[in-house]
Amino acid sequence: MASKQILVVPGDGIGQEVTAVGKKVLDKIAGKFGHTFTYDEALVGHAAIEATGNPLPDETLAKMKNSDAVLFGAVGHPKYDNDPSAKVRPEQGLLKMRKELGLYANLRPIKLFDELLGASSIKEDILRGADILFFRELTGDIYFGEKGRKNNGDTAYDLAEYSRFEVERIARKAFDSARTRRKKLCSVDKANVLETSRLWREVVQKIAPEYPDVEVEYQFVDATAMLLIKDPKRFDVVVTANLFGDILTDEASQIAGSMGMLASASIGDGTGVYEPIHGSAHDITGKGIANPLASVLSAALLLDISFGMKEESELVISAVDKLLKAGFRSSDIADAGTPAEKILGTEAMGEQVLNFI
Ligand code: NAD
Ligand code: IPM
Ligand code: MN
């Protein structure tokens with residue numbers, strides 16, 4: 001029995017709706033296993049800008065640092081997406097959080113539940129058995145380099161930078177993880193063009209001999225985008241830079257059936273942050289139809305990685321499996337064969353998770 005302090009940071013749009021479900025799941029687990037989880041909430045993104053003018057208020061950051069783990073929703077608002085001149089933006093809150101908490105490793109498991117084989121637009125025989133774990137570097141690359149305008153604003157630039165140290169620490173995490181899985185690591189870069197990628201490949205090649213039991217392959221990012229759809233089963237652990245990892249994992253979400261199924265863990269030097277890979281999805285916000293399972297599976301990662309509660313984490317994952325086996329679907333993972341009465345909204349999906357825990 002353990003006592004833990006969890007900070008819930010729902011953010012914007014469907015972040016609010018799905019994080020409420022993730023929190024209920026943590027609470028149910030605490031009750032079942034006799035743990036004491038205490039919760040606090042904090043603002044981020046558009047919600048924080050409206051209240052304080054700052055997408056990551058100091059108070060939020062301080063609470064994050066003082067928590068045992070953070071359950072995060074999503075940030076974003078169409079108001080900024082359609083206004084390229086906005087100086088203060090919700091996404092700055094997310095990026096600052098990653099930098100300030102030193103969250104350099106973003107784990108994005110592409111877990112295909114057998115029941116969802118038909119939910120993907122990829123053929124079933126190509127998909128069956130796919131199981132990939134992405135290690136996306138999260139605090140470097142073009143996201144964090146110098147950016148600006150020159151030539152009276154007519155030229156814009158974003159500098160991509162990586163240090164040897166940054167590449168090595170994420171690569172080691174990926175190698176270590178591959179050792180616990182199918183012992184295959186694919187390092188993805190664009191070393192035929194980019195200097196940052198040449199450093200990336202040099203570093204991975206240099207440390208690879210320390211992991212003789214891990215079979216390493218190198219792929220270019222464009223080819224990887226193709227191979228993920230052609231033959232997802234060929235991948236086990238994938239390690240890549242911030243921007244490539246962002247794009248490839250949205251693509252890979254279609255292996256799992258939907259963006260609404262993909263959880264993530266952002267880990268590094270201090271408090272871990274657990275969040276769906278999807279955004280605030282304003283096209284469906286307020287409709288009560290968002291799939292909450294990415295948040296639920298993020299809660300499962302939180303239990304496992306930050307709290308070392310393997311059994312609790314597995315119970316959450318098996319509850320998701322059972323509700324899918326019972327035929328329940330949110331609309332994003334329903335297919336032509338799903339009866340209308342089995343298509344549930346966000347809260348009702350959450351109730352089914354609790355029911356099967
Ligand atoms: P998005 O992930 O919000 O949505 C992409 C598509 O997937 C939409 O059609 C949406 O309805 C669907 N979708 C996403 N999550 C779903 C779920 N749980 N259930 C059912 N359907 C789901 O990406 P976008 O539309 O490109 O971006 C919207 C906003 O979110 C932008 O402001 C962007 O900056 C922000 N964003 C934030 C994060 C984050 O906070 N980590 C991630 C991605 C995008
Ligand atoms: C994600 C998002 C963020 C990213 C944005 C909102 C800054 O797309 O978490 O995947 O690009 O990292
Ligand atoms: Mn993304």
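Colleague: What makes residues 131–137, where Arg 136 lies, strand E5?

Modeller: A strand (E) is a DSSP run of at least two residues, and a helix (H or I) is a run of at least four, numbered from the N terminus. Residues 131–137 form such a strand run, E5, and Arg 136 lies in it. This is a predicted model: local features need pLDDT of at least 70, side-chain atom pairs count only at pLDDT 80 or more, and totals for chains, interfaces and linings use all residues. Residues are numbered from 1 along each chain as its sequence is written, while chains are lettered from A and ligands numbered from 1 in the order in which they are written.

Colleague: Why is Arg 136 called buried?

Modeller: Arg 136 has 28 other C-beta atoms within 10 Å. Buried means 20 or more, exposed 12 or fewer, partly exposed in between, with C-beta atoms placed from the backbone. So Arg 136 counts as buried.

Colleague: And why does Arg 108 count as buried?

Modeller: Arg 108 has 25 C-beta neighbours inside 10 Å, so it is buried too. Arg 108 sits in strand E4 (residues 105–111).

Colleague: What does Arg 136 contact, beyond four places in sequence?

Modeller: Its partners include Asn 106, Arg 108 and Asp 246. Contact means C-beta atoms, placed from the backbone, within 7 Å. Arg 108 in turn touches Arg 136, and also Phe 134 and Ile 277 among others.

Colleague: Which residues does UniProt list as "binding site"?

Modeller: The unreviewed entry gives Arg 98, Arg 108, Arg 136 and Asp 222. They span 125 residues in sequence and the farthest two C-alpha atoms are 26.4 Å apart, so they do not all gather at one spot. Such annotations may be inferred rather than shown by experiment.

Colleague: Which residues come nearest to ligand 1?

Modeller: Of 21 residues around ligand 1, the nearest are Gly 76, Gly 260, His 278, Gly 279 and Asn 291. Helix H1 (14–33) and H5 each supply at least two residues of that shell.

Notes:
Contact = placed C-beta atoms within 7 Å. Near = placed C-beta within 6 Å.
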